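Here are my notes on the model, point by point.

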Amino acid sequence: MNTIELIEYKPCNIPRDRIPQEIIDQLKDNYKNKFKINLKYTTKGDEWQIISQGWVGYIPINNDWNFHIKPKVPITNIFKMLDYAYNLKSFQFLDGLMKCESLPDFYNRLATIFAHRILNRIQKGLYATYIKQSQELSYVRGKIDIKTMIKYPWKPKLTCNYDNFTQDIEDNQILLWTIYIISRQEICQEKTRILIRKVYHALQGYLTLSPFTANDCINRKYNRLNQDYHCLHSLCRFFLENTTPSDEKGNYNSLPFLVNMNQLYEKFVAAWLKQHLPPPLGIKTQHRVEYDSFSFKIDLIIYNKKTQENLYVLDTKYKTEIKDSDRTQIIAYATANKCKIGIIITPYSNNILNDKITENLSIHSLNFSLEQDIEEAGNNFLQQLMSQNYM
């Protein structure tokens, strides 16, 4: 296996004759929005320059070539960001995972934990409930559908509506689909792959394999009989959001594991603020603003829970430099929500924004650093927010 190692946003120069053209073509075709790829001509020979555009993880191209993209921030901080973003903090199993040396290692260990938790639930019995079904039967079950009988009197069988007590429900089907997706991931170690196959076959006997998305794992209802599914579905959300491909990859069976650092940073900041904002402040995420012909979503809005007044518009930018377009965007967001203050949040920025646009509007930039301890960085960020009299 030939592995090309990259660091996000850092140019990687590879001699042209070291990597087959077909591998470059596949990377360009299937991941064109995730990489910048250029052919550079030098006195020492032609080189491919590949730059990851804010994506980290693992991409299998075929059985012989893969790409491993490392984050530019400390790996432990990536784990803590995932901890917050996917609400894993309360499940008390991440302590050991913080010692992982890479994202593939983290993925493998988390997949092992996930599989064992499903096995434990199978041993206790999968959650089951009643679902409404309608079926043509030769005998009466539940209630007879009189309207259908009148409409089709020549049918020999009865159309019956009844409640069926079954385990083949969405709560469990999400688990099966996620296990299926993980089973196609080559970065898992052989021992983990054997365990995953075991879980898949155990679930397959009871459930229908149906596709689900990460959004299907959010805002589900739980009760005392399926409370432990909250943790399982949070893990499903992580795997489906970062493993399911967004591009067609030909006939190669393995799937990429890619984390979008821009989205992760946005989710992390929102989750951190939600836990640490002082009362009576609250936070809205992905707030939609509607106009006649278009709409847009705002990353974060801090509001007063008592008065419901929107106080501050925040836009997260996982970048080192704030551009004029970012400045224009935060002005538009603040104006649309009648907020007096707009704030751009970056992990590190070379230019500081502190502009008074009008008498009723000012925009600022603040850093939520990823280069130091996450909690320390968060407290520093919150202090900046407070000390500048933004709150």
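1. What is the volume of the largest pocket? It comes to about 880 Å³. A pocket here is an open set of points on a 1 Å grid over the protein atoms alone, where a 1.4 Å probe fits, with protein on both sides within 12 Å along at least five of seven lines; the volume is the space filled by probe spheres set on the points, which are joined across faces, edges and corners.

2. This is a predicted model, in which local features need pLDDT of at least 70 and side-chain atom pairs count only at pLDDT 80 or more, while totals for chains, interfaces and linings use all residues. Residues are numbered from 1 along each chain as its sequence is written, and side-chain values use heavy atoms, leaving out hydrogens and water.

3. The largest pocket is lined by 29 residues, and A85, I218, R237, K267 and T285 lie nearest its centre. Lining residues have an atom within 4 Å of a point. Two or more residues each come from α2 (75-85), α7, α8 (261-276), β11 (281-290) and β12 (295-304); helices (H or I, at least four residues) and strands (E, at least two) are DSSP runs, numbered from the N terminus. α8 gives the most, seven residues. By class the lining has 11 nonpolar, 11 polar and seven charged residues, where Ala, Val, Leu, Ile, Met, Phe, Trp, Tyr, Cys and Pro count as nonpolar, Asp, Glu, Lys and Arg as charged, and the others, Gly among them, as polar.

4. Helix α5 (residues 170-183) packs on helix α7 (residues 229-243) at about 40°, with axes 10 Å apart. Axes are lines fitted to C-alpha atoms over the stretch in contact, and angles run from 0 to 180 degrees between N-to-C directions. The contact (heavy atoms within 4.5 Å) includes W177 of α5 and H233 of α7. Its residues are 10 nonpolar, four polar and one charged.

5. Helix α3 (residues 103-124) also meets α7, their axes coming within 11 Å and crossing at roughly 140°. Among the contact residues are F114 and R117 of α3 and L235 and F238 of α7. This contact has 13 nonpolar, one polar and two charged residues.

6. Two backbone details deserve a check. Most residues other than glycine have a negative phi, and most peptide bonds are trans. N219, in the loop between α6 (190-204) and α7, has a positive phi of about 60°. The P279 to P280 peptide bond is cis, with omega near 5°; P280 lies in the loop between α8 and β11.
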